[in-house]
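Work through the exercises below with the sequence and the coordinates open beside you, and try each task before reading its solution.

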Amino acid sequence: MREKLLFVTKGGKDFDNGFSYVAELARTLKADVSILMIYNRRVIDAYEDIMTAAVFAEAGEFHTAKDILHEKENELKAAAEQNLKELSITYGMSSDIDYHIRIGDVLSNLNEFQKNTPNINMILISPSLSKSKKEIDLNKLIKKISKPIVTISQPAQAGA
Amino acid sequence: MAINILIAEDEEITVKHLVYALEDEGYSVTSVNNGADAFKKIQQESFDLLIADIKMPGMDGLTLFNKVKDNYPAMEVIIVTGFGSIQSAVDVMRKGAADYITKPFNVDEILLKIDKIKEIKRLEKENMALKVSLGLGRDTSIVAKSLMMKKVIEIISSIMNSDCNVLLTGESGVGKGMVAKLIHYSGLRKDSPFLAVNCATFTEELLASELFGHEKGAFTGAIAKKQGLIDIAHKGSLFLDEIAEMSPSLQAKFLKVLEDREFMRVGGVKPIKADVRFIAATNQNINVLVSDGRFREDLYYRLNVMDIYIPPLRERREDIVPLSKHFLNKQARKANKKIKDISKESLEVLMSYGFPGNVRELENIIERAVILEKTSQITPASLPQTIKLFQVESIDPNRIKKLNEIGKDYAEKVLEHVEGNKSKAAEMLGISRTSLWRILNNN
């Protein structure tokens, strides 16, 4: 059975940073890759949107309020899906790659994902997440996750 | 090798005589007095040999023989015939009966014929074991320069004359399969088959069928009887990779094999003796799985007679250079290329890399470099660019060490560096010899 590597990355412009390493590692180990892209809720919940939704909710138009709250989320998901598709084509991995988009904090999303996907052999944390102590607390991660965790970082002098 | 024999004979005295003689020789024997009952028995149980009289009430021996050969072609048949029906016996021999015997017969004569069949069955089994193990190879070369791997080799040497079950633990790619082979080929069972199965590759039903085999008709699609790996690995070793992936119900069945040293085929009713050494492996922390109730504690203790932990490559960097050179020789020979060495710069790149995929990753990197390299030594240009661009740090949450353990590991490394000289090691560490002794003896 082929091994499966899980690449965990932060949604946003640098989401693909470190993926070239993961793609190479997957080729070397003859493994498949899953991508888990996690967006911070703050990115989704823009202040004006929340206020607009609140106004509609006060007026009893709950469906419209819900649509407003989910509009940005849906937009982001569509864009992320497009990006991930392009990424898998760039690295010639379209047949082996599967991707998942989540919104919320990294730890709880990753924990839930690995519980529901037991055949993951290794979890690779993207450089954008590895360097951000706010986004990811390795101590907490180690307590919750039982699979080997690999943090990827990029030395300042190295190019992307 | 135990074989199950079915006797179909209507003469009570002959049956009694045969059963007594065969059971006395240690065979498991069942008898019936007509062809129809014999075929019913064959459908219910598994037999290796049928001894059938030609003349029987109802279904005669010839009809029974034809039905058996149509449905159970692997079963051997000895036809018992009266003087007048030798021509019929010759006919069934042509159709594939193992032998025939004329009445009145001598017991020694039939025992000789059974011995011959036993030998054929043994050769068939050996042949099947060879076919199954084909591709596993006998290559058991393990490169061990680091103290940690030398300790692994020491443990393997210490169990050379033992037949105990072994549990191998360690991350993916550290070489658990290779260690399993080394245990087998350096042990008492080295001349018998070494078979391997990855428990994560199969569904529960398929894994059960792979391990125990199945009887014809045991489930949809079981069109013929199949021998399981435990049966084929008789007197040898069976390597169960990713044992933690085995389902709870299969764990219970497998535990019974370890306890009773016998098993039943899927859909079978007769126990079969299992003389197999089990070497299991997992990349998960089995203690956590046991405490979570995902792995049976009793099975864990049965397997864990000897626990061997194979450390990840990042914790035994001294092995990177000799391993790289070993893989270079192997891959250059395979690719028929005259690459003799690895440049200093390339070795520096490899030494500073984290190898999350362990030894397997290193071998694949060298294999690729050998294909790409155009000079007589591996240069950094042939190594994957990404391992130079990114730094990786691996953490195995299952192997988080306490501070005093790290201190002990470090002290051992320093001691290794000064070739076991404790005074020098203590001086380098800035501690007294007594403190060093305490650290090294800290369990």
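**Exercise 1: The nonpolar cores**

Task: In this predicted model, find how many residues the largest nonpolar core has and which of them have the most contacts inside it.

Solution: The largest nonpolar core has 49 residues, and those with the most contacts inside it are A:Tyr21, A:Leu124 and B:Leu350. As a next step, ask which element gives the largest share of this core: it is helix α1 (residues 19–29) of chain A, with 7 residues. Apart from this core lies another one, of 35 residues, which includes B:Leu167, B:Met246, B:Phe263 and B:Leu299.

Then take B:Leu350 and leave aside its neighbours within four places in sequence; its contacts are then B:Arg317, B:Ile320, B:Ser324, B:Phe355, B:Leu362, B:Ile365, B:Ile366, B:Leu383 and B:Ile387.

**Exercise 2: A sheet in chain B**

Task: Work out the strand order of the open sheet of 5 strands in chain B, and state its pairing.

Solution: Reading across the sheet, the order is β2-β1-β3-β4-β5 (chain B), and the pairing is parallel. The edge strands are β2 (28–32) and β5 (99–102) of chain B, because each of them pairs on one side only. From one strand to the next, the twist averages 20°.

For a closer look at one pair, take strand β4 (residues 76–81) of chain B, which is joined to β5(B) by 4 bridges, the two strands running parallel. Within this pair, B:Val80 has B:Ile101 in β5(B) as its bridge partner.

**Exercise 3: Chain A and its confidence**

Task: Describe the secondary structure of chain A, and then decide where its confidence is lowest and where it is highest.

Solution: Begin with the count, which comes to 7 helices and 5 strands in chain A; along the sequence they follow the pattern β-α-β-α-α-α-β-α-β-α-α-β. Of the 160 residues in chain A, buried residues make up 48%. Among the contacts in chain A with a separation of 6 or more, 76% are between residues 24 or more positions apart.

The lowest mean, 64, belongs to helix α2 (residues 41–44) of chain A, whereas strand β4 (residues 122–125) of chain A has the highest, at 92. Where pLDDT is low, the predicted coordinates should not be read in detail.

Note on methods. Residues numbered from 1 in each chain as written. Chains lettered and ligands numbered in written order. Predicted model: local features only at pLDDT ≥ 70, side-chain atom pairs only at ≥ 80, totals over all residues. Heavy atoms only, no water. pLDDT = per-residue confidence, 0-100. Core = buried A, V, L, I, M, F, W, Y, C linked by side-chain atoms within 4.5 Å. Buried < 20%, exposed > 50% of the residue type's maximum accessible area, 1.4 Å probe, protein only. Contact = heavy atoms within 4.5 Å. Axes fitted to C-alpha atoms, helices over the stretch in contact; angles between N-to-C directions.
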